[in-house]
Amino acid sequence: GTFSARIVSVFEGGGGGGGGDSLSGRFSGRFSGRKLSVSRRSSHPAVGLVAPAQSPEALATGLQTLLMRFPLEHAAMGKVLAEVGLRWVDPPRRSTPGRLDKWNRRWKDVTAGTADSSLFTASGVWVSPDPVVMMFGASGLVIILLFHDGFVTDPLNVVYASMMLISVACICLAVLLVRGDRAGAKRFTLVTAAVPLVLGFGILTPALGAAGPLSPGVTALGWGGATILVGLVYKPRRSFYLLYGGFTATLSLAAIMMFAELDTTPLASLLAFLGTAALLKRHTALAQASVLVVEDAEAYEALWRAKLGAPGAGASLAALGAAWAEYMAAAVKEPKRQPESFGSVEVLFNACDRLNPVMLATLRALCAAQDGDFHAAAIKGEDRALQKVHRSYNGDFRRLTELVRCSLCFTSFDQIAACLRAIVAHPDIVVLSMKKSKMRFDAEYDAVAKSGGYRDVQIAVRIDSEWTRAQGLDKIWCEVQLHDAEYYHRKTTGGGHGAYVLFRNKLGQ
């Protein structure tokens, strides 16, 4: 009933006095994202709606915000929407229990522009786009072509049998990664390192002399290859160096020990070539990323110089610095991560959905008291959240401390300082100790190098009230950004954020 009333209020909120036609009809719409297309159907006597002054797009935005507050009530919402001829298309994954967790387990980076940097991310090869991981399958096919005849001639030979196992393992690994089954791919990798490489090449080959005078080189391949595979599982951020540098070095050493026989020499040369090409593409991506933000960085720096030159700027910045020092003195010192009690990313999202309106109401009141402009934000999108989990956090979803967030904008540094003190003094707010780099209104902060020229103050807070404690939500960290109004306007209207999105995708962040 409450939800139904809110739905009606969204449509009636604009009133009938704005020149809108009176619609005593039924709406038929398809609601996807932030867009809504509406057409009139036959009269529906049970629903008398007044067309608001807002456009359908504006209404859809408001309705989307409302729906996203109750994703677990997707089924009930669908019935209410159906009463006015609407349908919620593409709701968040967490609206279906278990779906978001499943997606998290099988997530892979398919963003265009990330491939050149995917091997350098925290999760490395395990979330790389399909073209990158297909090299495992290609390697398996090459091994089959090179050693098929030997295996057919002598299938009991340890070397040939191990080679065939490795080839099959490479193809299976590619299939698992394309499917997004990271856990299965990692287990398979460890088995491959243990059986054909360590047992077959590293132990049985030298013990049985299966490769004759080439056995020492085969042994080097076994132990070196196993080390690399284990490294990919436990040090994925080093994926590029392990895949290209590690295998090139291992094959080169084996070639020397085998007196340049077999196929190790051309394989080492091929990997060296591919690694060099990949590294050049990475540097190209870095250069392109820098170009994307240089214009905004220059604009932000010009704005910063203008603010520093304004009368009283020095005193205002000193006051802000003092407020930051007070914040840090009052802040709790603990790791910036969500509690272990949240057993999965979906459980964390569901808890944040419940906390979000309380946190926004608390910060909205503080912002208004300092004559600021409050910008509420919906819960961070699932797509971007999991990008960060796997690109930056190596799968550790509890490091997502910005699912609940908001922005507070002010016209002066004095206002920002006053708001910072008010947040610290609020009885229901606990603040977290932050890195010095989160206070970017500092002459010593290199904004161009670290944040594309942008400056703000970023803090983490918890809402510790009687209600949040009763609900088990009092330990959730939320992000609060305190902005200068001119910086924020440039960011949101000058294309700055769009350039930043392209920038982070190029870098795989």
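**Ground rules.** I am working on a predicted model, in which local features need pLDDT of at least 70 and side-chain atom pairs count only at pLDDT 80 or more, while totals for chains, interfaces and linings use all residues. Residues are numbered from 1 along each chain as its sequence is written, and side-chain values use heavy atoms, with hydrogens and water left out.

**Salt bridges.** I take a salt bridge as a side-chain nitrogen of Lys or Arg within 4 Å of a carboxyl oxygen of Asp or Glu. I count 17 salt bridges by this rule.

D296 lies in helix α10 (residues 264-308) and R490 in helix α17 (residues 485-493), so the pair ties together parts 194 residues apart in sequence. Helices (H or I, at least four residues) and strands (E, at least two) are DSSP runs, numbered from the N terminus. I noted D296 as buried at 8% relative accessible area and R490 as partly exposed at 24%. Buried means under 20% relative accessible area, exposed over 50%, and partly exposed in between (1.4 Å probe, protein chains only).

I then checked D484 and K307, whose closest N and O atoms are 3.0 Å apart in a salt bridge. D484 is in strand β10 (residues 478-484) and K307 in helix α10, 177 residues apart. Both D484 and K307 are buried.

R440 and D456 form a salt bridge with closest N and O atoms 3.2 Å apart. R440 lies in the loop between β8 (429-431) and α15 (447-451) and D456 in the loop between α15 and β9, so this pair ties together parts 16 residues apart in sequence. Both R440 and D456 are buried.

I also found that the side chain of D456 makes a polar contact with that of Q458 at 3.4 Å. A polar contact is a pair of N or O atoms within 3.5 Å; within protein, one must be able to donate a hydrogen and the other to accept it, and residues adjacent in sequence count only if both atoms are side-chain atoms. Q458 sits in strand β9 (residues 457-463) and is buried, with 11% relative accessible area.
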